[in-house]
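These are my notebook entries on a protein model that I opened today. I wanted to look up a few places in it and then step back to the whole.

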Amino acid sequence: MAGAVRSARARYPRGFITKVVSCRAAELRPEGGGEPVRGFQVVLEDTILFPEGGGQPDDRGLIGDVPVLRVTRRGPEAVHFVPAALEPGTKVLLSLDWERRFDHMQQHSGQHLITAIADQMFGFKTTSWELGRQRSIIELDTPSMTAQQMDALERSVNEKIRARIPVTVRELPADDPEIETVRSRGLPDDHAGPVRVIDIEGVDSNMCCGTHVSNLSDLQVIKLLGTEKGKKNKTNLVFLAGNRVLKAMEQSHSTEKALTSLLKNGPGEHVEAVKRLQSSVKLLQKNNLNLLRDMAVLIARDFKSKPAQSQLFVLHRKEGDSEFMNIIANEIGTEETLLFLTVGDEKEAGLFLLAGPVEAVENLGPRVAELLGGKGAGKRGRFQGKATQMSRRGEAQALLQEFLSHRSPEA
């Protein structure tokens, strides 16, 4: 069958010679969105690259020296998307991205094992699962799972791994009555041919099209990271298997070393040290806020103490917030004076407040926001919002000065 995923002729085949059956121009939509990529859909006489399906992502690899960017299923065929055309009838060397494949095998076999043991121990049925890039999730048909249940489940699955239990693949005729006894969430509508069953000896038989380890010992270890609330009264169980556990340990150890250096204490004291730092930061923020409030009052009083007050008051500070600006506006009063206040980085983003006579603010507020590349809203003589281009404050100030210079007594 052209393009059908090659059955295991070796324990873990990583490459072999095959033949190009067809090649046609096509486009590929990137997973993260964006413009389609032009390339070619290639069907091979036989393939070891797995097309996405059953919750498992597709494989990657090379056809000759041409990278395979995606593998999808089209009926019984595996379709390989490549950036360069390949001549039909040509013999080619197909190479598998083994690191990606083995990772998927570990996560997928790990899911089968967790699913089976969770059902046996607690009656929790698996309703779906997702093999993610960083972690994998099993959706369990239960509203909750206790920490004790999760610990017991983790111990049990790792005992099975240490027992070196074989994992085998069988193909059954579609009408075989044994299929009724096999764990399954149903076959695809377009399925044809024999039914593939994955057996974990003495533990589980599961209908599956994915790639798996041949022995549970290849999983190395499984770590259950915790649970999250799922959809419709279900629970999501988060896990890592195999090399992902080792990578997580390496990352955790690197983080621990960095924290030890920064906090000047041992790993066992990190949490308390961070709590103390958080308390100190909260106290400093409170003191800083009080100082800003006092400063706002003093700035306003200084302006009001001047014999000849300007019609326009302009102030910018790097430190501050909306409350700081509103305190100044409250203290100065906005019946006669137009206030243009900004806080934040002088050349990047920040906050602004325009306060003054109601008609003037209603007229100028949206125009100031537009000049500053921001958005805002206002009422009763105040218009405030966020700005992305604080470097244009001078243009906004010029707009206000021009408005005041043309304002007549009649207006």
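Entry 1, a threonine. I began with the side chain of Thr18, which reaches the backbone oxygen of Asp46 at 3.0 Å; I keep in mind that this is a predicted model. Thr18 is found in strand 1, which covers residues 15-28.

Next I looked up Val71, which lies in strand 5, residues 70-74. With 0% relative accessibility, Val71 counts as buried. Which residues is Val71 in contact with, leaving aside its neighbours within four places in sequence? I listed Leu49, Phe50, Pro51 and Glu52, then Asp58 and Asp59, and finally Ala78, Val79 and His80. I also noted the distance from Val71 to Gly61: the two are 10 residues apart in sequence, and their C-alpha atoms are 9.7 Å apart in space.

I turned to helix 5, residues 322-332, and wrote down its buried residues, which are Phe324, Met325, Asn326, Ile327, Ile328, Ala329 and Ile332. What do the buried residues of helix 5 pack against? I found helix 4 (270-304) together with strand 15 (312-317), strand 16 (338-344), strand 17 (350-355) and strand 19 (382-387). After helix 5 comes Gly333, whose phi is positive, near 90 degrees.

I counted seven helices and 19 strands in the protein. Its radius of gyration is 33 Å, well over the 22 Å that the globule rule gives for 411 residues, so I noted the protein as more spread out than a compact globule. The C-alpha trace spans about 100 × 55 × 40 Å along its principal axes, and 42% of the 411 residues count as buried. Of the contacts between residues at least 6 apart in sequence, 64% join residues at least 24 apart. Last, I recorded the charges: there are 55 positive and 54 negative side chains, and the centres of the two sets lie 3 Å apart.

Terms used: Residues numbered from 1 in each chain as written. Predicted model: local features only at pLDDT ≥ 70, side-chain atom pairs only at ≥ 80, totals over all residues. Heavy atoms only, no water. Helix = DSSP H or I, 4+ residues; strand = E, 2+ residues; numbered from the N terminus. Rg over C-alpha atoms; globule rule 2.2 N^0.38 Å. Buried < 20%, exposed > 50% of the residue type's maximum accessible area, 1.4 Å probe, protein only. Contact = heavy atoms within 4.5 Å. Lys, Arg positive; Asp, Glu negative; His and termini not counted. Charge placed at Lys NZ, Arg CZ, Asp CG, Glu CD. Polar contact = N/O pair within 3.5 Å; in protein donor to acceptor, adjacent residues only side chain to side chain.
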